[in-house]
Amino acid sequence: MMLLRRPVPSFLQLSAHPLRWQLLVMLSASDYRVRELVKMVGESQNLISYHLRLLRDGGLVTATRSSFDGRDSYYHLDLERCTELLAGAGNALHPALRLDPAPSPFHPTGRVEVLFVCGGNSARSVIAETLLLRHTDDRVDAASAGTSPKPDMHPDAARVLREEFGIDISGRRPRHLDSLADRRFDTVITLCDKAREACPEFGDDTRRIHWSIPDPAAGGSDEDTYPAFRATAAEIDTRIRYLLPILTTARERREQ
């Protein structure tokens with residue numbers, strides 16, 4: 001009987017290496033720069049960069065240039081792609097191992113408080129706050145603020161939420177991060193590289209997450225920027241869906 005040889009699925013080839021698995025685990029929680037991963041893992045920068053390049057070539061990890069320091073890049077794990085490849089790996093072994101690609105449902109044991117922070121609080125952080133409330137049916141206390149808030153919301157932020165998600169945020173105004181200094185949050189998420197550097201600590205039991213998302217308003221006029229706003233809103237929506245299980249565990253950890 002001839003043995004049928006099947007190639008090892010790409011996800012397993014990439015993730016089976018111990019160091020690459022460590023990098024995947026770390027990037028599953030937040031975006032990081034190479035020097036931060038070097039410190040966390042305790043390996044040389046050349047070695048970390050080599051394995052990050054393999055993960056990038058395999059489509060699991062992407063990199064964006066830091067808006068705070070253009071010499072740096074933030075690495076981001078594409079959880080949607082990981083879900084697809086992991087499901088394919090199970091199916092390659094046996095059809096009965098076809099995995100459900102949907103993230104875990106949101107079932108918190110108590111009220112969860114989340115803060116989104118960017119520079120102007122006129123686009124990214126407001127979109128994230130609004131979409132988190134949408135995905136959880138307002139079962140979270142979500143807020144957003146800016147380190148240097150703009151006078152008004154960007155019109156394309158309101159437009160993309162209205163046209164793509166059916167949500168009206170008319171009447172919303174940006175607010176300063178200082179106005180929330182006395183509040184306690186389970187999770188604080190920065191969406192701007194500059195805001196990450198300026199965001200203060202909110203306590204030892206607050207989970208800090210960074211999403212390195214370029215400013216969609218940087219492209220010029222409204223007609224130029226609206227496609228960028230649609231792409232940004234879609235990325236934030238995906239990140240929100242994969243955030244929900246993390247919010248549940250953050251709340252459970254704080255209650256222990």
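Let me start with a pairing: β2 and strand β3 (residues 73–77) run antiparallel and share five bridges. Strands here are DSSP E runs of at least two residues, helices are H or I runs of at least four, and both are numbered from the N terminus. Two strands count as paired if DSSP finds at least two bridges between them.

Before going on, the ground rules. This is a predicted model, where local features need pLDDT of at least 70, side-chain atom pairs count only at pLDDT 80 or more, and totals for chains, interfaces and linings use all residues. Residues are numbered from 1 along each chain as its sequence is written, and side-chain values use heavy atoms, with hydrogens and water left out.

Confidence next. pLDDT is the predictor's confidence in each residue, from 0 to 100. The chain mean is 89, and 89% of residues reach 70 or more. Strand β1 (residues 32–33) is highest at 98; helix α9 (residues 222–255) is lowest, at a mean of 82.

Back to the sheets. The three-stranded one is open, antiparallel, ordered β1-β3-β2. β1 and β2 (61–65) are the edges with a single partner strand each, so one side of each has no neighbour in the sheet.

The other open sheet has four strands, parallel, in the order β5-β4-β6-β7. Its edge strands are β5 (140–146) and β7 (207–210), each pairing on one side only. Twist averages 20° from one strand to the next. Angles run from 0 to 180 degrees between N-to-C directions, with axes fitted to C-alpha atoms, for helices over the stretch in contact.

Strand β4 (residues 112–118) joins β5 through seven bridges, in parallel. C118 has G146 in β5 as its bridge partner. Helix α6 (residues 124–135) packs on this sheet, touching β4 and β5, with its direction at about 175° to that of β5. Contact means heavy atoms within 4.5 Å.
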